[in-house]
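Hi,

Here is the structure I said I would pass on.

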Amino acid sequence: MEDDDLIIFMDGDFILAKNAVGACLPLFKLYPDLQACTTDEEVLCIGPRWIANWLTMRFAQRRLAMQSHSLSGRVLTLTGRMSVFRANHLTKLKFIRLLEADHLEHWLWGKFRFLSGDDKSTWYYMLQSGCRMLYVPDAMGYTVEVIEGSGMDRMVQNFRRWSGNMLRNGSRALALGPGRMPFFIWWCLLDQRVSMWTMLVSPVLAVCTTFLYDPYYIFGYVVFICITRMLLSLFLYRYARKVDLSYPFILYFNQLINASVKVYCIFRLSKQRWSNRGDQRAGEGDGLLATLQNLMASYLTLLYVTMLFVGVCLMAGLIEPPSGLMIAHVLGLPA
């Protein structure tokens, strides 16, 4: 195998559109430093209509974000549905071992392997190697999603898989620092970590203000959500290639559920589940150690969520910060 040979990674449930391969391959001749590229996607959903609309909106968001990221010569994922690689890196032992046995060392969960997310493993290798990566909007493929059972359960499980993969790989990618990648991509990685908390600020503020200040505040919040999500949807309509009036509502619940799942997953990185691959699972565990680990994860989740509520209430002036006298009294110090 020659270094400039091209290798395609593709899922079995991915359907190539006309000229999908032909749109990718010439780029490697045009850009000698290009090491990998990934394609555009559409979804073929066999299941409830609202799930199909949600997935279509998700792919529109992906399209918008990937085009922006690609301008920097990097992307945030080399999608496992279909990506093309130059062979010079893929034949290296370091790449092969990472793909075969990618794992993390975590202070709470110890050493654990990835159940899924090989697309993130290949991406991380390329990122740390300083490789140029591109998104090819002209190369189209179709993802087949068969939804059986509860649509809501499948939605949450998809978020757990996507968000878990992002969190597991995002922390080590951030640790590489902005010197190992374009600053914009490093900032986007940081934004992924921060946005899961900032997204929860407005609903927490609405709940706290409704209960502590004025019960009618919730109506103003609903109006605010309707206006802002409609404005955001106007951008997504172009990338979804259609107008769907359900997008503003789906967009808000997508953001809310996604942020909540990320908060849950960030303290449970070893717990993995892949619903559309035989319901594979990892990280469940049993025994005393697993029980203690789960209790610690629940404690940290409760602690951070409580800090979020208190912080939002203090920021909005709904509660008064503790006085120096009160702090001294609690700590048993002399006033």
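Setting aside neighbours within four places in sequence, Pro 137 touches Asp 40 and Gln 67. This is a predicted model, by the way. You'll find Pro 137 in strand β7, which covers residues 132–146. Its relative accessible area is 36%, so Pro 137 counts as partly exposed. Arg 63 is worth a glance here too: 74 residues separate it from Pro 137 in sequence, yet their C-alpha atoms are 7.7 Å apart in space.

Next, the helices. Two packed helices are described by the angle between their axes and the distance between those axes, so that's how I'll go through the pairs.

Start with α2 (residues 49–70) and α6 (residues 151–175). Their axes come within 10 Å of each other and cross at roughly 25°. An angle under 35 degrees counts as roughly parallel, and α2 and α6 are therefore roughly parallel to each other. Their crossing is right-handed. On the α2 side the contact involves Trp 50, Ile 51, Trp 54, Leu 55 and Arg 58, while α6 brings Gly 151, Met 152, Met 155, Asn 158, Phe 159 and Trp 162. Sorted by class, that contact between α2 and α6 has eight nonpolar residues, two polar and one charged.

Then there's α7 (residues 183–212) with α8 (residues 217–240). Here the axes come within 8 Å and the crossing angle is roughly 155°. That makes α7 roughly antiparallel to α8, since the cut-off for that label is over 145 degrees. From α7 you have Met 199, Ser 202, Pro 203, Leu 205, Ala 206, Thr 209 and Thr 210, and they meet Tyr 217, Ile 218, Tyr 221 and Arg 229 of α8. The class count for α7 with α8 is seven nonpolar, three polar and one charged.

How do α8 and α9 pack? Their axes are 7 Å apart, at an angle of about 105°, and so α8 is roughly perpendicular to α9. The α8 residues in this contact are Tyr 221, Ile 225, Arg 229, Met 230, Leu 232, Ser 233, Leu 236, Tyr 237 and Ala 240, and the α9 residues are Tyr 247, Pro 248, Leu 251, Tyr 252 and Gln 255. They divide into 11 nonpolar, two polar and one charged.

While you're looking at α9 (residues 247–266), note that its 20 residues reach 27 Å from the first C-alpha to the last, close to the 28 Å expected at 1.5 Å a residue. Helix α9 is mostly covered, with 14 of its 20 residues buried. Val 263 sits in this helix, and because its relative accessibility is 5%, Val 263 counts as buried. Apart from neighbours within four places in sequence, Val 263 contacts Met 196, Trp 197, Leu 200 and Val 305.

Last, a bit of backbone. Most residues other than glycine have a negative phi. Asn 19 has a positive phi, near 65°. Asn 19 lies in the loop between β2 (14–16) and α1 (20–30), and with a relative accessible area of 52% it is exposed. Arg 241 also has a positive phi near 65°, and you'll find Arg 241 in the loop between α8 and α9.

Cheers

Technical notes
Residues numbered from 1 in each chain as written. Predicted model: local features only at pLDDT ≥ 70, side-chain atom pairs only at ≥ 80, totals over all residues. Heavy atoms only, no water. Axes fitted to C-alpha atoms, helices over the stretch in contact; angles between N-to-C directions. Helix = DSSP H or I, 4+ residues; strand = E, 2+ residues; numbered from the N terminus. Parallel < 35°, antiparallel > 145°, perpendicular 65-115°, else oblique. Left-handed = near helix turned anticlockwise from the far one by under 90°. Contact = heavy atoms within 4.5 Å. Nonpolar A, V, L, I, M, F, W, Y, C, P; charged D, E, K, R; others polar. Expected span 1.5 Å × (residues − 1). Buried < 20%, exposed > 50% of the residue type's maximum accessible area, 1.4 Å probe, protein only.
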